[in-house]
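Me: I would like to take a close look at one part of this protein with you. Could you walk me through it in plain terms?

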Amino acid sequence: MRKEDATVILGTAHLGTTPGKRSPDGQFREAVYSREIVERVEAELKARGFKVVVDYRPLEPNGEMAATSASAQNSRELIWRANYVNRICKEAGSARRCLYVSVHVNAAGNGGKWMSAGGWCAYTSVGQTRADKLADCLYEAAHRHLGGYEKQLLAGKQTGAYDRFQKAFRTDTSDGDVDMEANFYVLLHTSCASCLTENLFQDNRSDIAFLTSEEGRASIVALHVDGIAKYVEEVM
């Protein structure tokens with residue numbers, strides 16, 4: 001598909017008021033980092049001539065999301081995001097002319113202590129969907145741009161920064177493709193091809209060091225830009 005005919009929808013992670021979603025020392029906040037990455041991905045895609053929209057920029061909930069309990073707010077936030085994506089798809093004339101990529105950072109624990117898990121992955125909803133091809137493009141780009149991180153993880157196994165089971169790229173090939181699968185709300189309830197990326201771990205010290213370095217930021221941005229561009233121009 002010509003990039004002029006496609007709409008790229010970028011998703012930010014959570015809200016500033018969402019419990020947890022930060023490093024054990026509180027210095028890294030997933031919602032803030034996600035918005036920084038999304039802003040850079042948006043700018044680079046627009047510079048290449050793509051039409052890009054972002055689902056939700058503020059850190060504070062809007063009136064439709066706000067609730068007295070964290071669980072209710074989370075539910076309302078997810079419904080709002082899915083509805084937003086579907087509205088954009090409708091405005092575009094077809095869900096097949098749109099794609100949605102939501103940018104997150106993973107965690108192995110409950111945020112109370114540093115962990116030894118690491119790695120990058122992308123999720124689609126369960127089963128065979130159009131998003132599988134989008135995930136393939138993102139994984140291919142991740143392998144190109146996260147070479148420095150892969151070396152870091154391998155070296156970190158020797159120092160205890162990562163346990164021996166960790167891999168730079170987390171996959172599930174049981175269904176014939178590499179992406180992870182889960183029925184996350186925004187993947188299950190959006191009408192276009194939708195992926196959620198988990199960009200390393202916010203409760204691993206070494207992952208945080210990479211993510212917050214300029215090399216790390218640039219690598220995470222580049223893999224999203226290149227993966228999305230390839231999907232639009234060669235697959236859609």
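Where does Lys21 lie?

Reply: A few ground rules come first. This is a predicted model, in which local features need pLDDT of at least 70 and side-chain atom pairs count only at pLDDT 80 or more, while totals for chains, interfaces and linings use all residues. Residues are numbered from 1 along each chain as its sequence is written, and side-chain values use heavy atoms, with hydrogens and water left out.

Now to your residue. Lys21 sits in the loop between strand E1 (7-11) and helix H1 (30-47); helices (H or I, at least four residues) and strands (E, at least two) are DSSP runs, numbered from the N terminus. Its relative accessible area is 37%, so Lys21 is partly exposed. On that scale, buried means under 20% relative accessible area, exposed over 50%, and partly exposed in between, using a 1.4 Å probe and protein chains only. The backbone deserves a glance too: Lys21 is not a glycine, yet has a positive phi of about 55°. Most residues other than glycine have a negative phi.

Lys21 also takes you to the largest pocket. Together with His14, Glu30, His104 and Glu198, Lys21 is one of the residues nearest the centre of that pocket, whose lining has 29 residues. E3, helix H2 (70-92), helix H5 (185-188) and E6 are the elements that give two or more residues to this lining. E3 supplies the largest share, five residues. The volume of the largest pocket is about 460 Å³. Here a pocket is an open set of points on a 1 Å grid over the protein atoms alone, where a 1.4 Å probe fits, with protein on both sides within 12 Å along at least five of seven lines; lining residues have an atom within 4 Å of a point. Grid points are joined across faces, edges and corners, and a volume is the space filled by probe spheres set on the points.

Strand E3 (residues 98-106) pairs with E6 in the parallel sense, over seven bridges. Strand E4 (residues 120-124) runs antiparallel to E6, and four bridges join them. Two strands count as paired if DSSP finds at least two bridges between them. Thr197 in E6 is a handy landmark: Val103 has Thr197 as its bridge partner, and Ala122 stands opposite Thr197 as well. E6 is mostly covered, with nine of its nine residues buried.

Leu200 belongs to strand E6 (residues 193-201). Its relative accessibility is 0%, so Leu200 counts as buried, whereas Lys21, at 37%, is partly exposed.

One last stop is Ser219, in helix H7 (residues 214-235). Ser219 has 9% relative accessibility and therefore counts as buried. Its side chain reaches the backbone oxygen of His145 at 3.2 Å. That is a polar contact, meaning a pair of N or O atoms within 3.5 Å; within protein, one must be able to donate a hydrogen and the other to accept it, and residues adjacent in sequence count only if both atoms are side-chain atoms. Leaving out residues up to four places away in sequence, Ser219 touches His145, Leu146 and Phe210, where contact means heavy atoms within 4.5 Å.
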